[in-house]
Amino acid sequence: TDVKQLLSELQPVIIENASNSIVKQALTFIRIAGGRTSIADLAVSVKLSERQLNRLFLAHVGLPPKTYASIIQFHRALRLLKDHGLKATEVAYEAGYSDQSHMIRRFQRFGGFSPVAIPRDISLPGFSAI
């Protein structure tokens, strides 16, 4: 999946389209945490079971909360590399990945590129506050 397309389709409308206040709380929690949260902790924070949260989130957002959190985490790492010039090892730690290879796998999954080969023309619409 192309990262620009994925990010531009997701964020600008997700919170506005989430008609459920619990989903809005979950979205906010994920964004504040930079995607570094477990679904168990997220479920506790919105007072639902993990299963209820997954169903509700999927119905309103179109993605499971874990996938959404992973995208937010990826975006945070991308922003740290692109805008702040940190080393990949520092970014992996700061973004909450278990190690640098974990971060590399997520970059391949969500962006189709590695952390050292970020396209020069990449833009990150809708996520500037992360």
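Contact here means heavy atoms within 4.5 Å.

**View 1. Confidence along the predicted model.** Where pLDDT is low, the predicted coordinates should not be read in detail.

**View 2. S70 in helix α5.** Here we look at S70, which sits in helix α5 (residues 65-84). Its relative accessible area is 4%, under the 20% cut-off, so S70 counts as buried. Once neighbours within four places in sequence are set aside, the contacts of S70 are R106 and F110.

**View 3. Helix α2 crossing helix α4.** Two helices share this view: α2 (residues 21-32) and α4 (residues 50-61), whose axes come within 10 Å and cross at roughly 90°. That angle makes α2 roughly perpendicular to α4. From α2, the contact is made by I22, V23, A26, L27 and I30, and from α4 by L53, L56, F57, H60 and V61. Sorted by class, this contact has nine nonpolar residues, one polar and no charged ones.

**View 4. L42 in helix α3.** Our last stop is L42, found in helix α3 (residues 39-45). With a relative accessible area of 0%, L42 is buried. Leaving out neighbours within four places in sequence, L42 is in contact with A26, F29, I30, T37, L53 and P65. For one of these, I30, the C-alpha atom lies 7.8 Å from that of L42, and the two residues are 12 apart along the chain.

How values were computed. Residues numbered from 1 in each chain as written. Predicted model: local features only at pLDDT ≥ 70, side-chain atom pairs only at ≥ 80, totals over all residues. Heavy atoms only, no water. Helix = DSSP H or I, 4+ residues; strand = E, 2+ residues; numbered from the N terminus. Buried < 20%, exposed > 50% of the residue type's maximum accessible area, 1.4 Å probe, protein only. Axes fitted to C-alpha atoms, helices over the stretch in contact; angles between N-to-C directions. Parallel < 35°, antiparallel > 145°, perpendicular 65-115°, else oblique. Nonpolar A, V, L, I, M, F, W, Y, C, P; charged D, E, K, R; others polar.
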